[in-house]
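These are my notebook entries on one protein chain. I set down what I looked up, in the order in which I looked it up.

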Amino acid sequence: MDFRNQFSDVCRALKLFTFITLFALTNAFSQQRDVLNAQLGEGADTLRFPMEKHLKNVKQLTFGGDNAEAYWSFDNKKVVFQATNKMWGAQC
């Protein structure tokens with residue numbers, strides 16, 4: 001067997017391994033999402049998850065927009081928000 005055939009076999013095996021791994025991860029995340037949906041129920045607060053131990057009093061400040069980012073001001077008293085949304089009519 002020459003080098004090209006060995007390389008081709010390794011590439012095929014790597015592609016198969018990647019596909020199986022991605023499939024398994026997708027399935028695991030899907031199951032976790034289903035469990036969370038069952039725990040939270042209809043109309044539940046989806047910003048907080050039962051397993052979260054580090055955040056509390058989480059509030060959504062805005063809906064919509066692309067490339068949305070928020071930063072604390074230098075004095076830590078305000079949140080500075082920037083995003084792109086054509087409906088808001090902002091030029092930049």
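**Entry 1. Burial and surface**

What percentage of the 92 residues in the protein do buried residues make up? I found that buried residues make up 4% of them. A residue counts as buried under 20% relative accessible area, as exposed over 50%, and as partly exposed in between.

**Entry 2. Confidence**

I noted that this is a predicted model, and I therefore looked up the predictor's confidence in each residue, the pLDDT, which runs from 0 to 100. The average pLDDT of the protein is 77, and 84% of the residues score at least 70. Among the elements, the lowest mean pLDDT, 79, belongs to helix 1. Strand 2, residues 79-84, has the highest, 82.

**Entry 3. The elements**

I looked up the elements and found one helix and two strands. Their order from the N terminus on is α-β-β. I also looked at contacts between residues at least 6 apart in sequence, and 7% of these join residues at least 24 apart.

**Entry 4. Helix 1**

How many salt bridges does a search of the whole structure find? The search finds one. Arg 12 forms a salt bridge with Asp 9, and their closest N and O atoms are 3.1 Å apart. I asked how the two residues are placed along the chain. They are three residues apart in helix 1, so about one helical turn separates them. Arg 12 has a relative accessible area of 52% and is therefore exposed. Asp 9 is partly exposed, because its relative accessibility is 32%.

I next turned to Leu 16, which also lies in helix 1, residues 3-40. Is Leu 16 buried or exposed? I recorded Leu 16 as exposed, because its relative accessibility is 51%, where the limit for this class is over 50%. Leu 16 belongs to a nonpolar patch on the surface, together with Phe 19, Ile 20 and Phe 23. The four residues of the patch have about 470 Å² of accessible area together.

**Entry 5. The strand pair**

I followed the chain to strand 1, residues 66-72. Five bridges join strand 1 to strand 2, and the two strands run antiparallel. I picked out two positions in the pairing. Tyr 71 has Val 80 in strand 2 as its bridge partner, and Ala 70 stands opposite Phe 81 in strand 2.

Asn 67 is another residue of strand 1. I recorded Asn 67 as exposed, because its relative accessibility is 64%. Which residues does Asn 67 touch, not counting those up to four places away in sequence? Asn 67 touches Gln 82, Ala 83 and Thr 84. Asn 67 and Thr 84 are 17 residues apart in sequence, while their C-alpha atoms are 6.2 Å apart in space.

**Entry 6. The turn**

Strand 1 and strand 2 form a hairpin, and six residues lie between them. Asn 76 is found in this loop between the two strands. I looked up its backbone angle: phi of Asn 76 is near 60°, a positive value in a residue other than glycine. For comparison, most residues other than glycine have a negative phi. Asn 76 is also exposed, because its relative accessible area is 58%.

My last entry concerns Thr 62, in the loop between helix 1 and strand 1. Thr 62 counts as partly exposed, because its relative accessibility is 27%. Which residues is Thr 62 in contact with, leaving aside its neighbours within four places in sequence? Thr 62 is in contact with Phe 81 and Trp 88. I also looked up the separation of Thr 62 and Phe 81, which are 19 residues apart along the chain. Their C-alpha atoms are separated by 9.3 Å.

Key:
Residues are numbered from 1 along each chain as its sequence is written. This is a predicted model: local features need pLDDT of at least 70, side-chain atom pairs count only at pLDDT 80 or more; totals for chains, interfaces and linings use all residues. Side-chain values use heavy atoms; hydrogens and water are left out. Patches are made of residues with over 30% relative accessible area and no salt bridge: like charges are joined within 9 Å, nonpolar side chains (Val, Leu, Ile, Met, Phe, Trp, Tyr) within 5 Å. Accessible areas come from the Shrake-Rupley method with a 1.4 Å probe; for residues, only the protein chains shown count as cover. A salt bridge is a side-chain nitrogen of Lys or Arg within 4 Å of a carboxyl oxygen of Asp or Glu. Helices (H or I, at least four residues) and strands (E, at least two) are DSSP runs, numbered from the N terminus. Buried means under 20% relative accessible area, exposed over 50%, partly exposed in between (1.4 Å probe, protein chains only). Two strands pair if DSSP finds at least two bridges between them. Contact means heavy atoms within 4.5 Å.
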